[in-house]
Amino acid sequence: MNRNKNAFTNGLRDGIPIALGYFAVAFSLGIVAKKAGLDPLQGFLSSLLNHASAGEYAEFTVILANAPYIEMAFVILVTNIRYLLMSCALSQKFDTDTSLIHRFLVGFGITDEIFGISIGRTGRLNPYYNYGAMAIALPSWAMGTAIGIVAGNVLPLSVVSALSVALYGMFIAIIIPASKTNKIVGGVVIVSFAASFAASRIPLFDRMSDSMKISLLTVIIAGLAAVLFPVKDEDTVPTKPDKEVAEHDA
């Protein structure tokens, strides 16, 4: 019980800067939601159930165009498909006896930033760590959208857009320590930046959504890195010291 409580507290602490960044981004998202005709409650529920800025921007755009529900579902699936990869990667950090309900709930709350702090944890991942981060980050995302609908037009659009820069700074702060510690990770990050920039300039990818580009690049770059720089298997179950084993056997 204490282990779960500590993990939840750590997640809550690490989720505070994410929550602040989410609120700023969702505030500007609320302006788009207002143009699409959503009221504050609808905007709140939308952001509470859809935790991706790209996915919600696409959602509100489809609503604004009066497109059918099937088109909305397809657009959101495509823009959010990268979270399937993140959930699969994160599931490898759980203990094998972690229940399906924990895996489902953690997968539901996956975002780029929560995935970043979770995958960066050493050792096995306790689901309650994710619950702590989700408990503060996701409501902040939803509240930011609702408040943006109510008061988004009070501030100049340039000021609201500038607030979103905090989210990118926060994400960079997540990947820099791991890149400094491991040269291979740092190299993969640089290659990812370069490949992402190239994909945004190559006409072949113009018809592909940003989320689909990210998913495709993730599979290709991560696959190549796994083949070229495989991680040596290590025993994940801690072994008892020789003295403790001897005393136990006695």
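**Exercise 1.** At roughly what angle do the axes of helix α6 and α8 cross, and within what distance do they come?

*Solution.* The model is predicted, with local features requiring pLDDT of at least 70, side-chain atom pairs counted only at pLDDT 80 or more, and totals for chains, interfaces and linings using all residues. Residues are numbered from 1 along each chain as its sequence is written, and side-chain values use heavy atoms, with hydrogens and water left out.

Step 1. Helices (H or I, at least four residues) and strands (E, at least two) are DSSP runs, numbered from the N terminus. Axes are lines fitted to C-alpha atoms, for helices over the stretch in contact, and angles run from 0 to 180 degrees between N-to-C directions.

Step 2. For α6 (residues 100–108) and α8, the axes cross at roughly 35 degrees and come within 10 Å.

Step 3. The crossing is left-handed, a term for a near helix turned anticlockwise from the far one by less than a right angle; clockwise is right-handed.

Step 4. Contact means heavy atoms within 4.5 Å. On the α6 side the residues are Ile101, His102, Leu105 and Val106, and they meet Pro127, Tyr128, Asn130, Tyr131 and Met134 of α8. By class, this contact has seven nonpolar, two polar and no charged residues. Here Ala, Val, Leu, Ile, Met, Phe, Trp, Tyr, Cys and Pro count as nonpolar, Asp, Glu, Lys and Arg as charged, and the others, Gly among them, as polar.

**Exercise 2.** Describe how α1 packs against α8 and against α3.

*Solution.* Step 1. α1 (residues 2–35) packs with α8 (residues 127–151) at about 20 degrees, the axes being 5 Å apart. α1 is therefore roughly parallel to α8. Angles under 35 degrees count as roughly parallel, over 145 as roughly antiparallel, 65 to 115 as roughly perpendicular and the rest as oblique.

Step 1. α1 passes α8 in a right-handed crossing. The contact of α1 with α8 has 26 nonpolar, ten polar and two charged residues.

Step 2. With α3 (residues 53–64), the α1 axis crosses at roughly 10 degrees and comes within 9 Å, so α1 and α3 are roughly parallel to each other. Residues of α1 in this contact include Val25, Leu29 and Val32, and those of α3 include Tyr57 and Phe60. By class, the contact of α1 with α3 has seven nonpolar, two polar and two charged residues.

**Exercise 3.** Is Leu125 buried or exposed, and which residues does Leu125 touch?

*Solution.* Step 1. Leu125 is in the loop between α7 (112–119) and α8. Buried means under 20% relative accessible area, exposed over 50%, partly exposed in between (1.4 Å probe, protein chains only). At 4% relative accessibility, Leu125 is therefore buried.

Step 1. Not counting residues up to four places away in sequence, Leu125 touches Leu90, Lys93, Phe94, Ser118 and Asn130.

Step 2. Leu125 and Ala7 are 118 residues apart along the chain, and their C-alpha atoms are separated by 9.0 Å.

Step 3. Ser99 has 30% relative accessibility, so Ser99 counts as partly exposed.
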